[in-house]
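Welcome! Keep the structure open while you work.

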Amino acid sequence: LARNPGEREFHQAVTEVFESLGPVLTRNPEYVDAAVLERLCEPERQIIFRVPWVDDAGQVRINRGFRVEFNSALGPYKGGLRFHPSVYLGIVKFLGFEQVFKNSLTGMPIGGGKGGSDFDPRGRSNGEVMRFCQSFMTELYRHIGEYTDVPAGDIGVGGREIGWLFGQYKRITNRYESGVITGKGISWGGSLVRTEATGYGTVLFAERMLATRGLSFDGMRVVVSGAGNVAIHAIEKAQALGAHVVACSDSLGYVVDEAGIDLEVLRQVREVERLPVEQYAARRSGAHYVPAARVWQVDAQVALPCATQNEIDETDAKRLVDAGLLALAEGANMPTTPEAVALLQDAGVLYAPGKAANAGGVATSALEMQQNASRDSWTFEHTEERLAAIMAGIHDNCAETAEEYGDPGNYVLGANIAGFTKVADAMLALGVV
Ligand code: NDP
């Protein structure tokens with residue numbers, strides 16, 4: 001704590017993981033001898049840089065850029081870029097730390113890292129966002145590479161921004177190095193299913209978790225938070241499995257549509273016109289909008305938080321449990337506070353932590369890297385099959401590890417121990433580096 005003052009989210013993420021590791025350290029004292037824990041929470045490299053750009057009015061603006069290269073024991077650093085005004089070092093480090101264990105769980109050869117900026121893309125023109133991306137990459141390019149560090153998208157960074165970032169990388173380096181960034185468009189080195197992968201994967205994980213109690217999404221009442229990339233694709237997959245998705249949200253409020261969210265309308269509002277979800281309610285008769293409130297006011301059997309960190313607190317969790325919540329799977333990173341997680345677990349709710357449930361995105365990014373390396377492109381069906389197999393594998397690995405350590409059904413314990421063990425073994429093998 002004293003070493004990293006003021007990094008609240010980073011402390012929260014480290015505490016959550018380390019609290020699970022007691023039994024594994026008792027069984028494997030060599031991890032303690034080699035100071036694996038101490039090394040794990042110190043990033044290998046942290047880069048902070050100035051991002052100057054000019055807005056449409058000709059005014060010079062300055063933002064702060066970050067890339068935290070956390071751990072490369074399993075492969076090149078891999079993790080997204082977040083553009084959001086709340087971004088500071090503590091957020092980037094929490095995300096990078098989580099990414100190390102998540103990437104380990106995927107079984108793919110990728111280390112963990114994360115980056116971003118406190119730039120707020122909301123309300124900015126295409127030209128402004130492009131100039132910002134170009135300036136950001138003008139520094140970032142010297143730190144990344146197919147074998148070094150491979151960024152992707154996150155909050156505020158979707159296909160449009162990845163295009164401008166990759167375009168500037170290509171221009172500066174004169175290299176068409178497709179494997180340097182993932183989440184690319186299909187015609188320029190992207191992978192089918194990457195856009196859908198995090199949301200789809202979260203629902204596939206939840207479906208397998210529900211099956212352990214003889215349940216499924218079919219007929220379930222589902223509430224999703226967020227209305228971005230992860231939320232939209234979680235809604236799509238849940239509906240495909242027969243769920244009744246009744247609500248979603250953004251940072252300004254939430255919409256309820258008891259007839260079931262109409263994805264076509266939601267996509268038009270969010271993806272095409274880039275408007276707040278309030279506009280969804282304005283266009284759908286029967287739907288209503290609630291401003292400045294959290295979507296967890298709406299009763300659900302399955303909750304899928306897909307917006308941001310710490311968006312479900314103890315009060316929200318209690319309300320959901322009292323209203324009959326059966327399962328919660330995290331599409332977002334660390335959306336549930338530690339107190340809320342404890343409450344859900346004590347109440348017997350099936351709970352899937354983000355590092356396991358939302359790993360489908362980065363896993364499909366690794367599939368994109370495979371396709372780039374072999375100059376190949378796979379079909380949607382083949383890639384989705386791979387995603388489904390990876391999510392089933394992650395689920396079963398977490399469930400079996402929890403059972404092995406005497407706490408069946410505890411996916412937090414299973415994910416943390418399984419993710420940790422693989423990284424720790426690689427760190428031991430690579431020596432004190
Ligand atoms: P998007 O930018 O596409 O969407 C984010 C959504 O969350 C928007 O609806 C946004 O609302 C809302 N949101 C953002 N910040 C806040 C906030 N502080 N309070 C309330 N709502 C907020 O991002 P993604 O869908 O890509 O990411 C969502 C979550 O999923 C993040 O936690 C991310 O780390 C995680 N994730 C994403 C992956 C990916 O592949 N994209 C992979 C793994 C995890 P508004 O539009 O009003 O800002």
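Two strands pair if DSSP finds at least two bridges between them. Strands (E, at least two residues) and helices (H or I, at least four residues) are DSSP runs, numbered from the N terminus. This is a predicted model, in which local features need pLDDT of at least 70, side-chain atom pairs count only at pLDDT 80 or more, and totals for chains, interfaces and linings use all residues. Residues are numbered from 1 along each chain as its sequence is written.

**Exercise 1.** Work out how the sheet of five strands is built.

Solution. Start with a pair: strand β2 (residues 60–71) and strand β4 (residues 112–117) run antiparallel and are joined by six bridges. Within this pair, valine 68 has lysine 114 of β4 as its bridge partner. Next, widen the view: the sheet is open, its order is β1-β2-β4-β3-β5, and its pairing is mixed. At the edges are β1 (45–54) and β5 (149–152), each pairing on one side only.

**Exercise 2.** Which residues make up domain 1 and domain 2, and how many of them are in contact?

Solution. Domain 1 covers 8–178 and domain 2 covers 195–352; such bounds come from an automatic or database domain assignment. Their C-alpha centres lie 26 Å apart. Across the boundary, 10 residues of domain 1 are in contact with seven residues of domain 2, where contact means C-beta atoms, placed from the backbone, within 7 Å. On the domain 1 side, α1 (8–18) and α5 each supply at least two residues. The most come from α1, with four residues. By class, the domain 1 side has four nonpolar, three polar and three charged residues. (Ala, Val, Leu, Ile, Met, Phe, Trp, Tyr, Cys and Pro count as nonpolar, Asp, Glu, Lys and Arg as charged, and the others, Gly among them, as polar.)

**Exercise 3.** Explain why α8 is oblique to α16.

Solution. The axes of α8 (residues 194–211) and α16 (residues 380–404) come within 9 Å and cross at roughly 50°. That angle makes α8 oblique to α16, because angles under 35 degrees count as roughly parallel, over 145 as roughly antiparallel, 65 to 115 as roughly perpendicular and the rest as oblique. Residues in this contact include Tyr200 and Phe205 of α8 and Met391 and His395 of α16. The contact has 10 nonpolar, two polar and one charged residues.

**Exercise 4.** At what angle do α15 and α16 pack?

Solution. Helix α15 (residues 360–373) packs against α16 at about 130°, with the axes 10 Å apart. The two helices are therefore oblique to each other. Among the contact residues are Leu367 of α15 and Ile390 of α16. By class, this contact has five nonpolar, three polar and one charged residues.

How values were computed. Axes fitted to C-alpha atoms, helices over the stretch in contact; angles between N-to-C directions. Contact = placed C-beta atoms within 7 Å.
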